[in-house]
Amino acid sequence: MGSVNIQLTVNGTGQTVSCEPDTPLLDVLRQDLGLSGPRFGCGIGLCGACFVLIDGQARSSCDFPAWAAEGKDLTTVEGLAEGGTLHVVQQAVIDEQAAQCGYCTSGMIMSAVALLRRNPAPSEPEVRAALDGNLCRCGTHQRIVRAVLRAAAAVAAAPAAAEEAAPAGAAE
């Protein structure tokens, strides 16, 4: 089978790539689009190193064919920061010193972001369950769990801080 043009939306930007339709999305992201956040780990979707958000859900990109990504909203770890400000999970990972070798970090972050979008106040067991598909060979899982809980606390505190900063009568 020959190359086909595939229309992708990656990190909010439309992209057209030419590849074999069954090329893994991970290869397209890394080789064609130059995004180094998703990493190759196992090649069969079991380690989480290649996780990206596909329509808001954390999903392995190493076993996801490029053709299946057409029409979907794709977000890599590079696309989480807004206006030069790191995503709350990215900042929490730094604050908790949760990236030892860093190989699994982007996949962990993507799983955590997906979790916090569907459950902004997860319990520790819920965080652990959400990260179950991500392997860390360095043993920083506890720090990563703390980082996700820290990010959840920051998200919970953000609306309260915004309300305190609003001038009196602004909501009227």
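This note goes through the model point by point, from its ground rules to its helices, cores, strands and charged pairs.

1. The structure is a predicted model, in which local features need pLDDT of at least 70 and side-chain atom pairs count only at pLDDT 80 or more, while totals for chains, interfaces and linings use all residues. Residues are numbered from 1 along each chain as its sequence is written, and side-chain values use heavy atoms, with hydrogens and water left out.

2. How many of the 14 residues of α3 are buried? The count is 12, so α3 is largely enclosed by the rest of the structure; buried means under 20% relative accessible area, exposed means over 50%, and partly exposed lies in between, using a 1.4 Å probe and protein chains only. Among the buried residues of α3 are Thr105, Gly107, Met108, Ile109, Met110 and Leu116.

3. The largest nonpolar core contains 27 residues, of which Val89, Ile109, Met110, Leu131 and Val148 touch the most other members. A nonpolar core is a set of buried Ala, Val, Leu, Ile, Met, Phe, Trp, Tyr and Cys residues joined through side-chain atoms within 4.5 Å. Two or more residues of this core are given by each of α2, α3, α4 (124-130) and α5 (141-165), and the largest share, 8 residues, comes from α3. Apart from this core lies another, of 16 residues, among them Leu8, Val10, Cys19 and Leu74. As general background, nonpolar side chains tend to be buried together in soluble globular proteins.

4. Leaving aside neighbours within four places in sequence, Leu131 is in contact with Met108, Ser111, Ala112, His141, Ile144, Val145 and Val148.

5. The strands β1 (residues 4-10) and β2 (residues 13-19) run antiparallel and are joined by 7 bridges, where two strands pair if DSSP finds at least two bridges between them. Within this pairing, Asn5 stands opposite Ser18 in β2. The hairpin of β1 and β2 has 2 residues between the strands, and in it Asn11 takes a positive phi near 55 degrees.

6. The structure holds 5 salt bridges, each being a side-chain nitrogen of Lys or Arg within 4 Å of a carboxyl oxygen of Asp or Glu. One of them pairs Asp63 with Arg59, whose closest N and O atoms are 3.1 Å apart; Asp63 is partly exposed, with a relative accessible area of 35%, and Arg59 is also counted as partly exposed, at 30%.

7. Another salt bridge brings together the side chains of Arg150 and Asp95, at 3.8 Å from N to O. This pair links distant parts of the chain, since Arg150 belongs to helix α5 and Asp95 to helix α2, 55 residues apart. Arg150 is partly exposed at 38%, and Asp95 is partly exposed at 37%.

8. Arg146 itself is partly exposed, at 36%, and salt bridges that share partners join Asp95, Glu96, Arg146 and Arg150 into one network.

9. The side chains of Glu96 and Arg150 are also joined by a polar contact of 2.7 Å, meaning a pair of N or O atoms within 3.5 Å, where within protein one must be able to donate a hydrogen and the other to accept it, and residues adjacent in sequence count only if both atoms are side-chain atoms. Not counting residues up to four places away in sequence, Glu96 touches Arg143, Arg146, Ala147 and Arg150.

10. Finally, Val155 is placed in helix α5 and counts as partly exposed, at 33% relative accessibility. With residues up to four places away in sequence not counted, Val155 touches Val88 and Pro120. Val155 and Glu96 are 59 residues apart in sequence and 16 Å apart in space, C-alpha to C-alpha.

Note on methods:
Contact means heavy atoms within 4.5 Å. Helices (H or I, at least four residues) and strands (E, at least two) are DSSP runs, numbered from the N terminus.
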